[in-house]
Amino acid sequence: MPLVEFNDVIDSDADHAWNVLKKFGEISKWHSDIAESRIDNELPDGMVGCVRKLILGDGGIIVERLLATDDVRRSLTYRFEEAPLPIDNYTLTVAVTPLTRAGGSFIRWSATFDLREPDPEGKYEKLMQGLIIGGSDSLQAYLRQSL
């Protein structure tokens, strides 16, 4: 089971970053690779069990289910229900921690998944790492604009 981790420092108050991240269905507002996003079941946005449908810039569709959210730790976990990739059991956790001395925040992205086929060169690990880094960069840019 591959593990992809990415840690970053963002120029934003942790509470501000968390208030953006926890709006699970609104990821298209800040993620540059996602053209459209919406909650696609009867549960309210941000409630454990809600499902979001993402339409990517290239037309691909990903469906994700929110598994956990923690306002105290400023973290959420979700998994892919459907994705145009040969992976299963993709689960990602993102958490934001204040950097009290330096200002800003520390953000940690951590994902695991199973591969349906051998990947000796780590192509899918690199792909997922790139998506996570792109998401972190997009979040950083959005947070700078929304202050």
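**Entry 1: the pocket**

I noted how the term is set: on a 1 Å grid over the protein atoms alone, a pocket is an open set of points where a 1.4 Å probe fits, with protein on both sides within 12 Å along at least five of seven lines, and lining residues have an atom within 4 Å of a point. This is a predicted model, in which local features need pLDDT of at least 70 and side-chain atom pairs count only at pLDDT 80 or more, while totals for chains, interfaces and linings use all residues. Residues are numbered from 1 along each chain as its sequence is written, and side-chain values use heavy atoms, with hydrogens and water left out.

The volume of the largest pocket came out at about 470 Å³ (the space filled by probe spheres set on the points, which are joined across faces, edges and corners). I sorted its lining into 22 nonpolar, two polar and six charged residues (Ala, Val, Leu, Ile, Met, Phe, Trp, Tyr, Cys and Pro count as nonpolar, Asp, Glu, Lys and Arg as charged, the others, Gly among them, as polar). Helix α2 gives the largest share of this lining, five residues (helices are DSSP runs of H or I, at least four residues, and strands runs of E, at least two, numbered from the N terminus).

**Entry 2: the sheet**

I traced seven strands in an open sheet, ordered β1-β7-β6-β5-β4-β3-β2, with antiparallel pairing (two strands pair if DSSP finds at least two bridges between them). β1 (3-10) and β2 (34-39) are at the edges with a single partner strand each, so one side of each has no neighbour in the sheet.

I then went through some of the pairs. β1 and β7 (residues 105-115) are joined antiparallel by eight bridges, and Ile10 stands opposite Ser105 in β7. Between β6 and β7, also antiparallel, I found ten bridges; Val94 has Trp109 in β7 as its bridge partner. These two strands make a hairpin with six residues between them, and Gly103 in the turn has a positive phi of about 80°. β2 and β3 share five antiparallel bridges, and Arg38 is partnered by Lys53 in β3.
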